[in-house]
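Biologist: Before I rely on the terms used for this fold, I would like to go through them one at a time with you. Could we begin with strand pairing and then turn to a single residue?

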Amino acid sequence: MRILVTGGTGFIGSHLIRRLISEKHRVSVLSRPDSDNWRIKDISKQIQTIDYYSVDQLNNAFKKNKFDLIIHLASLYIKNTDIPGDINNLNEANIMTPSLLLQIAVNHKVAGFINTGSCFEYFPLKRPVQETDLIRPFNYYAATKIAFEQILKYFVNNKEIRGVTLKLFYPYGPRDNVKVIPLMIDSLMNNKSLTLTYGEQKLNFTFVEDIVDAYIKAADYIASARYKKYEVFNIGTDKKISVKKIGRILQKISGKRDKLSFSRPYPENEIMDLSCSYEKAERVLHWSPATDIIGGLEETYNLSLIHISEPTRLRRISYAVFC
């Protein structure tokens, strides 16, 4: 297939395009001219990069390339919108730009669109969250993801395009953004003390290569006769683990036990317990997570040793990109 990936220079996108290339798909990456491509620099000659300057430029790119599928991973994540301009930035990145992309895709008869959602859209329950459970956004970022999903559903129901949304539960892995696991690894690798919260949050950490598998299976599904209508799929493990336990595992892997401290109070809007049901993805997409947490953390830590400067580099990013 001829596939356009947004967010291809990001964490999950960089892993995904490597897999797509290995499976002989023709891959184009849509990015802004100022995007940092350090994650995919070594494979830049194997992909087409399309810089997004304007609507006209984007239209021309679709005219020149007969895309079969768009995989939308680009996203701006800001936890708390307390700085002037945050709302506008989130609206532009997470609603306006993908909506424009979707309209252009429809105009050029692109067959399918795979969207990326977030577990932050769900209201946390005592049991594993299912796709039919209550939607209540954790923050404004999650609200923008919900808003775009409604726009996607409109296009799927009223236009000639197929669509699904994959809602991801706590992705982690090599070349990640600024999140708790990379910060712990950075601390242990560089012998720097790091003080975290008490670490009792129990969450579903999902290895990035398992998430990539879900996108591959979703692409196959959306192009097949099995596809009937718009669908949402939870992509995550059903095994919860505390942040503190993650830290203890990483300490054991690194052989360093005195750099991580779990003593800070929790912020006001902290998710303490969130569990995922992936039954629907298993039933429809034939997907299930394959990587246990110890194996995933070992691979993440060992590959981080190879790219030891990357966590420091990532700290300079103002806004973490979820995907």
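Modeller: Two strands are said to pair if DSSP finds at least two bridges between them, and please keep in mind that this is a predicted model.

Biologist: What stands opposite Ile3, and how do you know that E1 and E4 pair?

Modeller: Ile3 stands opposite Leu69 in E4. Four bridges join strand E1 (residues 2-6) to strand E4 (residues 69-72), and since at least two bridges are required, the two strands count as paired; they run parallel.

Biologist: What makes E3 and E11 the edges of the sheet?

Modeller: The open sheet has seven strands in the order E3-E2-E1-E4-E5-E6-E11, with parallel pairing. Strand E3 (48-51) and strand E11 (231-235) each have a single partner strand, so one side of each is left without a neighbour in the sheet. Neighbouring strands of this sheet are turned by 20° against each other on average, direction ignored.

Biologist: Which strands does helix H3 lie across?

Modeller: Helix H3 (residues 86-107) lies across E1, strand E2 (26-31), E4 and E5, and runs at about 175° to E4.

Biologist: Why is Asn139 called buried?

Modeller: Its relative accessible area is 9%, and buried means under 20%, so Asn139 qualifies. Asn139 is placed in the loop between strand E5 (112-118) and helix H4 (140-158).

Biologist: What makes the approach of Asn139 to Lys79 a polar contact?

Modeller: The side chain of Asn139 reaches the backbone oxygen of Lys79 at 3.3 Å, and the cut-off is within 3.5 Å. Leaving aside residues up to four places away in sequence, Asn139 touches Tyr77, Ile78 and Lys79.

Terms used: Residues are numbered from 1 along each chain as its sequence is written. This is a predicted model: local features need pLDDT of at least 70, side-chain atom pairs count only at pLDDT 80 or more; totals for chains, interfaces and linings use all residues. Side-chain values use heavy atoms; hydrogens and water are left out. Buried means under 20% relative accessible area, exposed over 50%, partly exposed in between (1.4 Å probe, protein chains only). A polar contact is a pair of N or O atoms within 3.5 Å; within protein, one must be able to donate a hydrogen and the other to accept it, and residues adjacent in sequence count only if both atoms are side-chain atoms. Contact means heavy atoms within 4.5 Å. Axes are lines fitted to C-alpha atoms, for helices over the stretch in contact, and angles run from 0 to 180 degrees between N-to-C directions.
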